[in-house]
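Please look at the model before reading on.

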Amino acid sequence: MKRAVLIVVAVLVAAYLVALFVPYEPDERRPGTRLGGPLAADQDTDWSFRTPGRMQIFVETSTWYGIPHSVTTTSWIVDGELYVPCNACATKRWPKNVARSPDVRLKVDGEIYERRAVRITDEAEQQRVFEALGAGQSRPGRWVFRMETRP
């Protein structure tokens, strides 16, 4: 019995360490863990190299239990700033992680950018961002985050 408990504990510890250190990227609606890839050489980019309009990116957040949580999401650029929207945010894990720890990692075009996610609460700024995309008006439960360079 004692040996069986030790084996189970060893397997759980090994699984935790794998989840902690081995990248497992999200795929469409399936979340992932750590994002893999090189850090972008220019972390202070103005995103002008991106084409206008929506683009899919990965967002990695920190969890309370230490294993990163990553998701696929859409994003867009307005006036050189990168924005990430969220619908029904109160029901999703990644915005809760951002509320606890706003430092995130983004994967854009295969490179990792370290950013700080700032939730936009000013209605005029939200409206300007949604209008720039042609996404209509902001509505309840729809949040938007500006991805700022970390200090």
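The model is predicted, so local features need pLDDT of at least 70 and side-chain atom pairs count only at pLDDT 80 or more, while totals for chains, interfaces and linings use all residues. Residues are numbered from 1 along each chain as its sequence is written, and side-chain values use heavy atoms, without hydrogens and water.

A search of the whole structure finds 4 aromatic pairs. Rings of Phe, Tyr and Trp (its six-membered ring) pair if their centres lie within 6.5 Å; planes under 30 degrees apart are stacked, over 60 edge-to-face, and the rest tilted. Two of these pairs are listed here.

| Pair | Centre to centre | Angle of planes | Type |
|---|---|---|---|
| W47 and Y113 | 4.9 Å | 55° | tilted |
| W143 and F145 | 6.4 Å | 65° | edge-to-face |

W47 lies in the loop between α1 (2–21) and β1 (55–61), and Y113 lies in strand β5 (residues 111–119), 66 residues apart. Helices (H or I, at least four residues) and strands (E, at least two) are DSSP runs, numbered from the N terminus.

W47 is buried at 3% relative accessibility, and Y113 is buried at 4%. Buried means under 20% relative accessible area, exposed over 50%, and partly exposed in between (1.4 Å probe, protein chains only). F145 is also buried, at 2%. Together W94, W143 and F145 form one aromatic cluster.

W94 also belongs to helix α2 (residues 93–100), where W94, P95, N97 and V98 are buried. These residues are on the same side of α2, because their arc around the axis is only 155°, taken from the directions from the helix axis to the C-beta atoms.
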